[in-house]
Amino acid sequence: MIIDRVEYCNCYPYGSAWSSAFTFLRTITPDSEEMRYEIQGNEIYAIISSYNTKAPHKFEAHREYVDIQCLLEGQEIIESTTLNELSVDIPYDSEKDVAFYLKTDSRKIISHLMPGTFIAFFPHDAHMPGVSVGGFPVFVKKVVVKIKVELLRL
């Protein structure tokens, strides 16, 4: 997991796929349309969506893609932990590239995401996005850039 400000994205030597993702992130605004954006076909794409934050729920993890999440509007908490700390709730679905895990009292990292920051999740990172700050739901608009794991120079 990486959490940082968007302007420091070049501190991470993950190659051209990483650079393409952040070139896209620099072009969008809170007024950008909610939809899927093809950056490099199914290898790198972004989804802009909006929702209201909620109480803690289930962790999720992906095997095929790295998630780079960045808020355009609002704020949210994202809880994260390693997969070996959790129990599977809904097994991995290869078509959706996601598995869900039960929330436990295991060790976790709590990150407060705001516009201008990003958080990147790798396949070993379970994450629970969209959690309300202070227990009160707020509207957020978010972009999630998905990068095929094998494209990153790790």
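Phe22 touches Val6, Cys9, Ile68 and Phe118, leaving aside residues up to four places away in sequence; contact here means heavy atoms within 4.5 Å. The model is predicted, with local features needing pLDDT of at least 70 and side-chain atom pairs counting only at pLDDT 80 or more, while totals for chains, interfaces and linings use all residues. Residues are numbered from 1 along each chain as its sequence is written, and side-chain values use heavy atoms, with hydrogens and water left out.

Phe22 is also one of the residues with the most contacts inside the largest nonpolar core, which has 27 residues. Such a core is a set of buried Ala, Val, Leu, Ile, Met, Phe, Trp, Tyr and Cys residues joined through side-chain atoms within 4.5 Å, where buried means under 20% relative accessible area (1.4 Å probe, protein chains only). Helix α1 gives the most to this core, with six residues. A second, separate core of nine residues includes Ile77, Ala99, Tyr101 and Val131.

Turning to the sheet, six strands form an open, antiparallel arrangement in the order β1-β10-β5-β12-β3-β2. Helices (H or I, at least four residues) and strands (E, at least two) are DSSP runs, numbered from the N terminus, and two strands pair if DSSP finds at least two bridges between them. At the edges, β1 (2-5) and β2 (36-40) each pair on one side only. Four bridges join β2 to β3 (residues 44-52), and the bridge partner of Tyr37 in β3 is Ala46. Helix α1 (residues 16-25) packs on this sheet, touching strands that include β1, β2 and β3.

Definitions and conventions:
Axes fitted to C-alpha atoms, helices over the stretch in contact; angles between N-to-C directions. Buried < 20%, exposed > 50% of the residue type's maximum accessible area, 1.4 Å probe, protein only.
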